[in-house]
Structure formats: structure tokens, C-alpha cells
Amino acid sequence: MGSKTPNEHEQGPGGSSTNGAIANINPPKPAAATGLVSGVLEGQDEGDGDGDESDHHVGCDLKADNSKTKKKRKNNKKKKKAPGKGQQTAPPRVALANIFHGNKYPEGEIVEYAISDDNLQRTTSAELRHQDAIKNMDDEFLSDYRKAAEVHRQVRQYVQTIAKPGVTMSQLADEIEEGVRALVDHQGLETGDALKAGMGFPTGLCLNNVGAHWTPNPGAKEVVLQYDDVLKVDFGVHVNGRIVDSAFTVASNPVYDNLLAAVKEATNTGLKEAGIDARIDQISGDVQEVMESYEVELNGKTIPVKAVQNITGHNILRYKIHGDKQVPFVKTETNQRMEEGDIFAIETFGTTGNGYLTDDVGIYGYGRNQHVRPTGLQFASAKSLLKTIDENFGTLVFSRRYLERLGVKNYHLGMKSLIASGVVEDYAPLVDIPGSYIAQFEHTVLLRPSCKEVVSRGDDY
């Protein structure tokens, strides 16, 4: 979920890269590591191999007796099998606790820090390597983050199979949100349950020149995905307030391939350069250089890909998607650095437009401003609504869909009062010029003491 740059187009922090080569010390994750079993996807049968031992128990061996019995005709039609124990369904609805026993969730992409004079001890000291289990990044922390990441991987992999022309944005949002709640095993309908685990922020489904912060709202006109659309899918999963923020772009028309490639490479550059003591201004410059080395041909015109100027990547705090550090996509002057223990959402947005996003009409979601005390609220509806917000969302960003799912009605006047008093902030969709196209890719990275873990990395991106 992109962080809007404060004070209009003024840029936030920047960061430099660590020097030297970065060694990837974990092999690519096999598809089975995600818990998805291809044999139980819709329209597929499990166990197509001839030598599948699991088929040997079906039926009994019949000895030939030509004098008394007729030889039965073999039925070659395979029966569909229900997903076995420890397997995921499609759409994903099996809680991860029933798949990964003992809370042993897959690691993300583990990357050693580059060796340089100022951090040599960090990568070679055995004592520092074992600091992962103390302070803030302990076993519970890693388990929560890896669980949230695995939920994100499984849900998004299914969503990618249905994000085709003809699907509606409401359908996609429903699949994402129902899948997340099922896999974390918290439906969020009882008071406080959504604070234990669930959606980290409202599902973002942004088309074409809409860069960020659009979600389907109840009662609004349905939006259908078209062949020529560029769709950004941005959603977060939290477990105990530890939020994994990851996004990808879908485009059926191959004319946009270079746009998607530019943004994906730019995001991977940001992930590569991220690390302890990395200067954010250096990271921003590297990201912009990679992004703007691409161009796209649309309608016979060659258009350079531009990095979006006024939204940024960001650090993530517990129960708060946007922290106090930002990672712009354009070169920015700042002395800010990344630090040990930081969690960053490294994302980039590339556009064929002018590279500057403005507020559009409509509402994406709401967020509780924890720095403003709710004094002087005049309407009982505002007080009642604030109680519901505090009990069910806290500082997590939420949408109208989430409120109405709880059964909240007639909340508009109360919400208006909360926004006017500054207790709640509202978020509008962010757009580039009409006719332009924007792509986005994003991952969450943990800056652990001995290594960085791109916890949301998957086989897909």
C-alpha cells in the first residue's frame, strides 16, 4: 500500500545501497512450499501419474476365473479426490494451522548482507547471527510474519488464476478477503477478532491511470476487468498486527509487458539495495535509474516509463501500515538510513503519464489517528462508531465494506463528524492523467540482524 508523500510533492527519506555482491543463500521455493496442491485446483484431478501408490488401496485385486465370471470392462474415468490432510483447496479456504503444524511456516527469500568495512562483523560474527531470537525479532515475530506471508502467497496465487477479462472487482475483492480470513482462521465478526489476524488494509484494485487507493464500495457501480486494462492488486495480511504488504500487476494485453518489466525490475533493485545502514537517497536514485531506462510503445507512439514522484515505499509498524520512513522512487536528498529491525514495504510505481498522482473522487478507506483525542464529539453516532472502530480495527486502515460486514448501519453522519474532528483520516483514490497506465510491484522485507528476509517473495514474483 503506497504511502502518499507529505506536503504535496515534497519527498521523504532516501537510502543507499550496501556495497559488494549480495549472495542469495536459499534455493528457489518449490510450488509445494506454498501449500497449494495442483491436483486439487478447479477442473483438475489429483494424481495423474501412472505410478501413484495412493491409488493401490482403491478396490480389490480380482483373480481371473473365465469359467464363472465375465471380465469386467475397465472404467478409465478418474474420480476426483477431495483434498487430503495438509492440502489447500482452490479457492483457498483451509486454515494454515491445519496445513503447517507447529507454526513452522516457510521462510521468505533469505539474503546475506553485502560484506564491507562497516558491516563485516555483522555478517561474520556468530554471536550477532543469533540475535534473531532476542529483542524484537524473536521466534514469535518471525512466525507471525511468515504465516502472514504464506497466507498472502496462497491467496494471490489463486487470485491470479481468476484475474481475467470479465471478472468484476467485487469478485476479486471477495476472493481475496474471504481467502485471507479463512487461512488465518479469524473471520473478524466478533468484537476484536479482526485485530488478532486478517486484512492489513482494504484490498486495492486499481485500473489503468488509478495508481493506488481504490477498492469496490457497497452500492457502487460494478467495474469489470477488460482485456486492455492494467490492474494493480495490492492487499495486506496481518497476524497479531504484523503486516505483510505485497502487490502485483495483471495485464492481459502484451503491449504493456515493458511497463510491468520496468516496475518489477525497479522493485527488485530496491530490495537488492535495502539493508542495515543503507542510505535511502541512494536506493531512490538506483530505483529511478532502472525504472526510467524502459519505454513502452502504445498506439504507435514510444512512451518513456516514468517513476511516480509523490507516493513512496515505507516502513511498517505494528498495526500501522505506514511508519515514519519513506522510500521514494525518484532521487531524493535525505540523510535517513535503514536500520536494524526495520520492516519495509519496498514498492515502486511506473507510469506512462506525467508521474504525479492527485486525489480523485470517492473513498478508499479510513484510518484512526492515534495522535488526536476524541474530545468534543457532539453526535452519539460518532461516539458509537468510534467505539466500533477502536474495538475492531484500532490503527488498521479499514473500508466501508468492512464496516458493513460487521453490521454497522447509518454511519455516514458519524464518520463525517470523526473526520472533521481529525480523529479519523479518510483516503481518496490517487490518479495520474486520463489515458495513462500505471503498474506496481511490492514486497515486504525484514532487516534482521544477520540477514534480510524478503518475507513475501514467491514463485510468482
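Entry 1, terms and model. I worked on a 1 Å grid over the protein atoms alone, where a cavity is a set of points at which a 1.4 Å probe fits but cannot get out, and a pocket is an open set with protein on both sides within 12 Å along at least five of seven lines. A residue counts as lining if it has an atom within 4 Å of a point. Grid points are joined across faces, edges and corners, and a volume is the space filled by probe spheres set on the points. The model is predicted: local features need pLDDT of at least 70, side-chain atom pairs count only at pLDDT 80 or more, and totals for chains, interfaces and linings use all residues. Residues are numbered from 1 along each chain as its sequence is written, and side-chain values use heavy atoms, with hydrogens and water left out.

I searched the whole structure and found 3 cavities of 30 Å³ or more. I listed 15 lining residues, with Arg181, Ala194, Met199, Phe393 and Tyr402 nearest the centre. Elements are DSSP runs numbered from the N terminus, helices being H or I of at least four residues and strands E of at least two. On that basis β3 (197-207) and α8 (400-405) each supply at least two residues of this lining, and the largest share, 3 residues, comes from β3. I sorted the lining into 8 nonpolar, 5 polar and 2 charged residues; Ala, Val, Leu, Ile, Met, Phe, Trp, Tyr, Cys and Pro count as nonpolar, Asp, Glu, Lys and Arg as charged, and the others, Gly among them, as polar. Where does the largest cavity lie? It lies between domain 1 (95-112 + 125-359 + 430-454) and domain 2 (365-427), because both give residues to its lining. The domain bounds come from an automatic or database assignment.

Of its 13 lining residues, Gly204, Cys206, Ala212, His213 and Asp234 are the closest to the centre. β3 gives the most to this lining, with 5 residues.

Of the 25 lining residues, Ser3, Lys4, His322, Glu425 and Tyr427 are the closest to its centre. β1 (3-4), β14 (365-368) and β15 (424-427) each give two or more residues. By class, I counted 6 nonpolar, 12 polar and 7 charged residues in this lining.

A nonpolar core is a set of buried Ala, Val, Leu, Ile, Met, Phe, Trp, Tyr and Cys residues joined through side-chain atoms within 4.5 Å. Buried means under 20% relative accessible area, exposed over 50%, and partly exposed in between (1.4 Å probe, protein chains only). The largest core has 106 residues, and Ile176, Leu231, Met338 and Leu418 have the most contacts inside it. Domains 1 and 2 both give residues to this core, so it lies between them. I followed Ile176: beyond four places in sequence, it touches residues including Val155, Met199 and Phe235, a contact being heavy atoms within 4.5 Å.

I placed Pro165 in the loop between α3 (139-162) and α4 (169-184). Pro165 is partly exposed, at 41% relative accessible area.
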